[in-house]
Amino acid sequence: MLDKAKKLITYLKTKGADYADIRIHEVDEEERISTMNGDIEDYQLNSKQGYGIRVLVNGAWGFSSSEIMSFDAMIATGEIAIEKAQSASDFIKQSINLAEKETLIDSYHSPCEIDPFSVSTADKIARLQQLDKQLQHEKFEYSGLYCHFYKRHILYVDSDGSEIKRQLIEIDAGYFAYATDKEGHKQRRTFNMPQNANGTTGWENIINDQQFDHTLRIQTELLALLDAPVCEKEICDVILLPEMMALQTHETIGHALELDRILGYELSYAGGSHVELEDFGQLQFGSEKLTARADGTVQNSPGSIGFDDDGVKARNVTLIEKGRLQDAITSRQMIMEANDKAGKVIFTASGATSRSQNYSNLPIERMNNINVDAGQDGSLQDIIAATKNGLLMESPRSWSIGSNRENFHFATEIAWKIKDGKITNMVRNATYSGDSLPFWRSLDMVGNQSTWELQPVFHCGKGQPNQIMRLAHGVPACRFSNVQVGK
Amino acid sequence: MQTQDKAQDKVIRSAAKKSTMQSVKMQLEQINQFMQAQGITGSVAYEQETSHMVRCGRSQISLNVSEQGEKYFIELQQGKQKVAGSTTAQIDELDKLKTFVLSLNEKLVFMPEVAHRRPMMPIAQATLDNHVDSTTDKTLTNGLDKCKVDPALANLDSKRLVDLFKQCAEYFKNENVEISGAFSAGIQRYAVINTLVEKALSYEGSDYNVEMVLQLLDHDKKELRVSDVGHALNQFDSEKLIKHLAKMYQIKTQTPRQEITPGEYDVIFYADAFADLTNYMGYLTLYGESYEYGMGMLQKDKHKVGNKLFSDKLSIVDDPEDTDILFNRPVGRNGIKRPHFPLISEGVLNNLFYSEKEDCDRFNVALNNDANVAGMKVQTGTGPATFDEMVKSCVKPTLFIPYIHYMNFTNAAKGEFTGTSRFGTFLIEQGAIKAHLYNQRINDSYHNTFNNIEWLSSTLTHINTSNTYGMRNAASIACPLFVKVNKVKITGSNKQNG
Ligand SMILES: [Zn+2]
């Protein structure tokens with residue numbers, strides 16, 4: 001396959017491509033198992049194969065993909081990409097330039113102890129049924145879990161001379177339980193299995209005994225939620241636990257700092273960003289307690305893939321340092337364009353975050369691991385003890401964000417009222433809302449490493465055609481002051 | 001663009017010469033026979049897409065792509081055991097598919113029995129084999145196969161897509177604006193069969209959808225948008241779209257920007273916004289599965305089919321024979337024949353979609369449709385027919401909301417939702433547009449919204465509702481051009497960082 005790919009790239013260069021790359025998914029498999037109330041609700045084995053070819057001609061991109069693996073089909077697909085680029089170049093104001101990068105002949109493997117595809121179906125089902133059983137309760141209408149196993153072998157070759165092989169394994173797994181509250185409305189508790197940032201990604205995570213702690217916790221919390229009072233409308237401090245912090249970071253730091261979005265390439269669909277190019281190095285995005293990064297070098301995460309789809313090696317980029325905006329989520333193309341537009345060098349190198357969902361998609365700026373550094377304000381207990389009137393919130397239930405990521409409204413599955421440094425009671429149907437910059441500037445306590453967790457996200461959508469991306473957020477528990485809740 | 005046509009031809013021919021709908025059906029029937037011969041009970045579905053998309057950003061083409069995808073979905077059931085899978089394959093790879101079937105069949109024995117699982121049902125069968133390749137809709141009344149493909153969309157030169165944005169740029173060349181948008185066109189095909197029947201059924205349709213956004217650089221980067229959807233290229237009218245943008249541009253640049261206080265307002269939703277509201281309300285109301293699970297906004301003990309839920313001005317229907325509906329498929333991807341299907345008649349709930357066998361088995365209810373390929377029509381009323389008439393009709397202060405950004409349920413059980421207005425929110429009073437507003441956040445419930453309808457426009461339009469997740473699946477809502485709703489709860493705006 002490598003020979004075919006290299007021959008194709010040479011051919012495309014002779015046909016007028018100034019730059020060309022091909023991504024071949026030689027293996028792309030997915031095994032999905034889910035349970036509900038003790039039954040194996042769904043078992044699916046999905047497999048696909050294909051490739052995408054991207055070329056730069058006359059300063060414009062052209063892209064085409066196919067699932068016919070013959071060399072002839074590759075040539076024909078490449079020719080379509082060239083013609084697409086030619087017609088796109090008919091309407092461009094600024095030729096696409098790609099930032100410098102290292103030419104690499106390299107490979108990446110997800111860290112994995114037990115390849116989930118090597119475990120027998122019978123063993124997988126038995127383990128899932130065991131966990132399902134543990135989660136069940138007579139008061140729950142529905143409970144269960146899902147495990148999606150992904151395996152991809154991707155070959156990347158470009159006309160700069162890079163050849164990169166990636167073997168990726170990911171597991172998306174979690175629990176859910178639903179029951180009816182005292183008002184006759186459904187309440188739920190869910191739990192996405194977090195990832196150990198320094199660990200491995202295989203089946204070993206599912207057979208880990210910690211899973212029983214989680215099923216028991218979900219069970220206890222949902223039972224208590226059914227009789228809990230409704231969250232009242234007020235302005236108070238909120239403490240966000242890692243699942244909620246991940247959403248907050250995702251929606252109001254991650255998406256807001258995608259450089260293509262800042263430049264206006266997502267306007268017609270996902271929206272723009274309140275961040276301007278002039279803000280880099282200047283804007284006080286959050287309080288001094290906020291340091292955030294786009295870290296593709298986390299050892300174990302669905303956001304760590306070794307090299308992006310521009311063939312750039314993963315980096316750890318500081319986005320916000322002590323509250324000040326420094327960098328963005330970037331690709332080779334966008335940093336050149338942004339620097340050109342700003343008339344100065346804002347971005348010095350690609351952040352290696354140009355990624356595509358599939359061989360059939362053109363890569364665009366995507367989050368990798370958008371993390372918030374742990375702080376110096378102690379454990380979760382310390383933060384609670386320091387809070388006079390607050391709400392401790394966990395697990396996203398709904399989210400809606402302004403089109404420039406300037407404001408947000410989030411609902412949570414569960415929350416606990418804090419009075420005078422102590423948790424007094426649980427509340428249900430909690431919501432909070434705010435304006436992004438004032439909210440991040442109100443960050444006044446950041447939990448230490450004991451509160452920091454890597455939260456995977458398997459369903460981030462962006463772009464047209466829409467691409468669903470896998471990524472993560474390593475985040476600590478954080479406190480924000482004077483937040484509107486319950487409205 | 002001769003070379004493009006040639007290259008495109010080459011791939012399309014190399015894939016498609018083998019895969020006419022007729023040959024796909026033959027292939028499915030062969031796999032089906034193979035499964036029958038092996039004593040395997042199951043179904044095979046085929047999906048294929050050809051998609052072209054051009055995307056524009058910063059007044060230049062940012063993406064010009066074409067995608068070809070073919071996938072086979074196989075489900076096997078033995079008694080109360082089931083297994084499913086999908087694979088990419090080409091039409092001549094019958095052996096690959098057979099091997100895949102056998103590998104899934106090996107997994108089947110490991111699948112625990114599910115007590116409530118019912119036997120597979122035969123898919124619908126046509127009385128005549130009447131597949132017609134045609135530019136127009138020639139489905140025979142007793143036929144179930146359908147082909148509604150516009151060859152102009154099937155063999156589209158992407159230059160045609162690029163030209164729209166060029167034309168728009170030319171129109172606004174003296175204004176300080178940036179143009180962005182997306183124009184997507186293509187073909188979707190599917191075919192289904194199962195081992196309880198002999199004949200496959202198929203659907204083949206073309207569609208396009210386009211959206212264009214203008215960002216006003218001299219005016220706080222305010223945004224305006226137009227969109228369109230259709231099944232044939234001759235429905236597409238670039239001048240009409242640009243004209244509408246120009247009109248909105250004029251309003252936005254000639255009226256002052258104003259902030260309003262949060263509270264209850266009468267709101268006129270443009271079709272885009274109302275289709276979005278309808279679509280989301282539909283998720284919580286019209287899906288039988290979520291009704292059974294109690295995940296929607298109807299509670300089984302309080303709400304039943306036959307109950308009045310909404311304003312008597314509201315009627316919604318899904319009907320594969322209604323020519324007002326753009327992408328009407330006679331048969332679902334689940335093989336169910338789709339009937340005339342009234343959903344809401346004068347506010348009364350008539351029917352719920354039951355499309356997913358696994359869920360229907362759990363609750364022991366019959367499948368009656370396939371919501372995945374449904375096309376809803378919100379019946380028009382007697383309200384204003386045009387934009388100008390709509391403006392004139394407003395005496396008291398009224399908000400005009402063309403589009404809702406990022407709608408989500410804040411409390412599904414109560415039908416509560418939130419979202420913000422976008423792309424030109426106006427304040428209308430005394431028959432004139434008085435001001436344009438910041439983007440406003442709505443926090444309300446579908447119960448309120450669909451009960452407080454004052455009028456629906458007498459003009460019907462089409463709004464694209466296909467998401468671009470997964471394979472191409474054209475979808476739209478036929479909807480009145482404007483709908484006026486009273487007492488909508490506005491809770492704030494984006495003035496703070498707007
Ligand atoms: Zn996202």
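**Residue classes used in these legends.** Ala, Val, Leu, Ile, Met, Phe, Trp, Tyr, Cys and Pro count as nonpolar, Asp, Glu, Lys and Arg count as charged, and the others, Gly among them, count as polar. The views below show a predicted model.

**View 1. The second largest pocket and the residues that line it in chain B.** The second largest pocket has a volume of about 660 Å³, and of the 27 residues in its lining, those closest to its centre are S227(B), K240(B), Y270(B), T461(B) and L481(B). Sorted by class, the lining of this pocket holds 12 nonpolar, 8 polar and 7 charged residues. Strand β7 (222-230), helix α6 (238-254) and strand β21 (460-464) of chain B each supply at least two residues of this lining, and the largest share, 6 residues, comes from β7(B). Domain 1 (2-251) and domain 2 (255-497) of chain B each give at least three residues to the lining of the second largest pocket.

**View 2. The two domains of chain B.** The domain assignment of chain B gives domain 1 (2-251) and domain 2 (255-497), and the centres of these domains, taken over C-alpha atoms, are separated by 25 Å. To the contact, domain 1 of chain B contributes 48 residues and domain 2 of chain B contributes 44 residues.

View 3. By class, the lining of the second largest cavity is made up of 2 nonpolar, 5 polar and 7 charged residues. At least three residues of this lining come from domain 1 (2-251) of chain B, and at least three come from domain 2 (255-497) of chain B.

View 4. The elements that give two or more residues to the lining are α8 (332-342) and β13 (364-365) of chain A, together with β2 (60-78) of chain B. Helix α8(A) provides the largest share of this lining, 3 residues. By class, the lining of the largest cavity divides into 8 nonpolar, 4 polar and 7 charged residues.

View 5. H255(A) lies in the loop between α6 (242-254) and α7 (259-263) of chain A, whereas C460(A) lies in strand β20 (residues 453-462) of chain A, so the pair ties together parts that are 205 residues apart in sequence. With a relative accessibility of 4%, H255(A) counts as buried, and C460(A), with a relative accessible area of 3%, is buried as well.

**View 6. The two domains of chain A.** The domain assignment of chain A gives domain 1 (2-225) and domain 2 (234-485), and the C-alpha centres of these domains lie 21 Å apart. The contact takes 62 residues from domain 1 of chain A and 48 residues from domain 2 of chain A.

View 7. K98(B) is found in helix α3 (residues 94-108) of chain B, and at 24% relative accessibility K98(B) counts as partly exposed. The C-alpha atoms of K98(B) and I401(B) are separated by 53 Å, and these residues are 303 residues apart along the chain. E321(B) lies in the loop between β10 (316-318) and β11 (341-345) of chain B, and E321(B) counts as exposed because its relative accessibility is 61%, where exposed means over 50%. From C-alpha to C-alpha, E321(B) and L286(B) are 20 Å apart in space, while 35 residues separate them in sequence.

Definitions and conventions: Residues are numbered from 1 along each chain as its sequence is written. Chains are lettered from A and ligands numbered from 1 in the order in which they are written. This is a predicted model: local features need pLDDT of at least 70, side-chain atom pairs count only at pLDDT 80 or more; totals for chains, interfaces and linings use all residues. Side-chain values use heavy atoms; hydrogens and water are left out. Helices (H or I, at least four residues) and strands (E, at least two) are DSSP runs, numbered from the N terminus. Domain bounds come from an automatic or database domain assignment. Buried means under 20% relative accessible area, exposed over 50%, partly exposed in between (1.4 Å probe, protein chains only). Contact means heavy atoms within 4.5 Å. On a 1 Å grid over the protein atoms alone, a cavity is a set of points where a 1.4 Å probe fits but cannot get out, and a pocket is an open set with protein on both sides within 12 Å along at least five of seven lines; lining residues have an atom within 4 Å of a point. Grid points are joined across faces, edges and corners, and a volume is the space filled by probe spheres set on the points.
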